[in-house]
Amino acid sequence: MIYAEYYEKHATGLPDAKKIAPFLIPSFPINNIITNKRELLHAYCKKEYTHPINQEGWVDLTGNNITLRSLPYGVDFGTVTSELRETMRNKKHWLWDYITSANQFSSSEAEFTMEIKRGLNPFLVLNKLKATLKFSRKWTPIYSYMKSGRAITLYPDTLTALWYHERYLSIAGGLKYKQAEIISRKMTVEAILQICEHTKQVIELIRKSENEEDAVRALFSVFKQLTHKQAKIIVSQPISTLARANKAKLEQELEQLNEDMASILSQFGHINETIYQDAQLLSKKYSSTRQTKFAEDYLGCVQFGNQGITHFFTME
């Protein structure tokens, strides 16, 4: 919608980076946390789109259990948990100093539970496990694409602009196609209107002609008001269409075609507005799939003595 508003006023260029920056913050379809939203926003406002995205997974700490819910986007949950279980086959591994078991339970969501040895601080254990669990990750986007058979670099602003112009051409192409259909039908209706009161004579002339060219010449010689193009259109029509020709209905259809043509012509001047309205409709129709949360959105934290701290998003 921002691009549509911009291109309504400007033929070229890109909207102000500060306007589009908030919409470029990554939205991953998993329940993870981005810890540097403010840094990203600051970078995007300066068109620095390769700034690393700092991510963390999601855990629940309950009693003596650490339950892993997700890992940073791009880290395979199954691989990490399988590797941890495989590592624990070595009974002398340091993990056994902190964990008594690690199990994947049947659940509708990711749920890998590690039971902590009694008396240990779960926060300290989690910090010890983070590297093994690949719990944190810096994710640097690479903006490489293929266009017309060659590799190019497109950042979010230029990629969106490219999509926008393709969409603009698509709508314009659709309007031209409809316009061509209307013009074609209008020429047919106008041609048949010229002879609709003499259809029997026209049909007889066509039937007596040896081929299409003879029929065109015969019509052209009898009906002087016809153009050569109109004569060809009439000859190309099915006999049944000519037999059913009705002047009143044809005039009504011609009037409607003129209205449709005017509507199409007016739409050529409002393509940006059409894209804006489409975007508005889509934003209402489809809810966001964002599950990513941002550390900047924490409401506060709860501290347990000097040993641990946990953040929360809702007072509940």
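Residues are numbered from 1 along each chain as its sequence is written, and side-chain values rest on heavy atoms, with hydrogens and water left out. In this predicted model, local features need a pLDDT of at least 70 and side-chain atom pairs count only at pLDDT 80 or more, whereas totals for chains, interfaces and linings use all residues.

Helices and strands are taken here as DSSP runs numbered from the N terminus, with helices being H or I over at least four residues and strands being E over at least two. Two strands are said to pair if DSSP finds at least two bridges between them. In general, strands of a sheet pair through backbone hydrogen bonds, either parallel or antiparallel.

Strand 3 pairs with strand 4 (residues 65-70) in the antiparallel sense over five bridges, and valine 59 has leucine 68 of strand 4 as its bridge partner.

When residues up to four places away in sequence are not counted, alanine 102 touches Leu84, Arg85, Met88, Phe112, Thr113 and Met114, contact meaning heavy atoms within 4.5 Å. The C-alpha atoms of alanine 102 and threonine 67 are separated by 9.4 Å, although the two residues are 35 apart along the chain.

A further open sheet of four strands has the order 7-2-1-10, with mixed pairing. Strand 7 and strand 10 (293-294) stand at its edges, each with a single partner strand, so one side of each is left without a neighbour in the sheet. Strand 1 (residues 33-34) pairs with strand 10 in the parallel sense over two bridges, and isoleucine 34 has phenylalanine 294 as its bridge partner in strand 10.

The loop between strand 7 (136-139) and strand 8 (144-147) holds isoleucine 142, which counts as exposed at 70% relative accessibility. Isoleucine 142 is eleven residues from threonine 153 in sequence, and 8.5 Å from it in space, C-alpha to C-alpha. Strand 8 in turn pairs with strand 9 (residues 150-153) in the antiparallel sense over four bridges, with alanine 151 of strand 9 as the bridge partner of methionine 146. The hairpin of these two strands has two residues between the strands, and there serine 148 takes a positive phi near 55°. Most residues other than glycine have a negative phi. Serine 148 counts as exposed, at 74% relative accessibility. Lysine 134, in the loop between helix 5 and strand 7, also has a positive phi near 55°, and is partly exposed with a relative accessible area of 38%.

If a disulfide is a pair of cysteine sulfur atoms within 2.5 Å, the count comes to zero. Cysteine 196 counts as buried at 9% relative accessibility, while cysteine 301 counts as partly exposed at 41%.

The largest pocket holds about 1,000 Å³ of space. A pocket is an open set of points on a 1 Å grid over the protein atoms alone, where a 1.4 Å probe fits, with protein on both sides within 12 Å along at least five of seven lines, and lining residues have an atom within 4 Å of a point; points are joined across faces, edges and corners, and the volume is the space filled by probe spheres set on them. Of the 32 residues that line the largest pocket, Ile20, Phe23, Leu24, Ile25 and Thr160 are the closest to its centre. Helix 1 (2-9), helix 6 (156-195) and helix 12 (271-285) each supply at least two residues of this lining, and helix 6 gives the most, with seven residues.

Key
Buried < 20%, exposed > 50% of the residue type's maximum accessible area, 1.4 Å probe, protein only.
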